[in-house]
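Reader: I am new to this structure and would like to go through it by question and answer. Please show it.

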Amino acid sequence: MQWTYQDKEINELPEDCVGFVYQITNTTNGRMYIGKKLARFKRSRRPLKGRTNRRRYTVSSDWQYYYGSSDQLLADVEKLGKDKFTREILFYCKSKAECNYVEAREQFARKVLESNDYYNGHIRVRIHGSLILKEKAST
């Protein structure tokens with residue numbers, strides 16, 4: 001099953017996209033999951049001989065094959081099959097801070113912890129407001 005954004009299939013993320021907020025829906029019972037996924041990860045290698053600083057590089061994430069981090073959701077995907085789920089990108093994000101904020105905003109707005117309609121079991125968020133304000137000012 002492919003990711004969709006505004007009812008179009010997505011094979012590549014936009015160049016300025018750091019991550020995205022998504023919704024996965026179980027088509028058999030309508031249960032949903034709201035989460036975020038980063039497009040790339042930073043990795044580091046050992047320093048070269050005689051040096052102290054690590055060598056940093058980025059790696060593309062597995063976003064094309066990703067089905068969330070909820071154990072219940074992953075168990076249902078395994079049991080029912082991937083064809084019984086839809087994966088929809090709700091928002092593209094241009095920074096990690098924006099990604100964290102938008103995910104939490106959507107989870108709170110949809111009251112994911114107050115209903116059995118969602119697979120979400122917890123909301124973990126730590127965001128510094130100045131980063132969000134800077135991004136809003138620059139747009």
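**Loops and cores**

Author: This is a predicted model. To begin in a loop, K111 lies between helix 2 (96–109) and helix 3 (129–138).

Reader: What is the phi of K111?

Author: Most residues other than glycine have a negative phi. K111 is not a glycine, yet its phi is positive. The value is near 55°.

Reader: Is K111 buried, exposed or partly exposed?

Author: Exposed means over 50% relative accessible area and buried means under 20%. K111 has a relative accessible area of 47%, so it counts as partly exposed.

Reader: Where is Q6, and is it buried or exposed?

Author: Q6 sits in the loop between strand 1 (3–5) and strand 2 (8–10). Q6 also has a positive phi, of about 50°, although it is not a glycine. Its relative accessible area is 56%, which is over the 50% cut-off, so Q6 is exposed.

Reader: Which element gives the most to the largest nonpolar core?

Author: That core has 17 residues, and F20 is among those with the most contacts inside it. Two or more residues come from each of strand 3 (19–26), helix 1 (71–80) and strand 7 (85–93). The element that gives the most, with three residues, is strand 3.

Methods: Residues numbered from 1 in each chain as written. Predicted model: local features only at pLDDT ≥ 70, side-chain atom pairs only at ≥ 80, totals over all residues. Heavy atoms only, no water. Core = buried A, V, L, I, M, F, W, Y, C linked by side-chain atoms within 4.5 Å. Buried < 20%, exposed > 50% of the residue type's maximum accessible area, 1.4 Å probe, protein only. Helix = DSSP H or I, 4+ residues; strand = E, 2+ residues; numbered from the N terminus.
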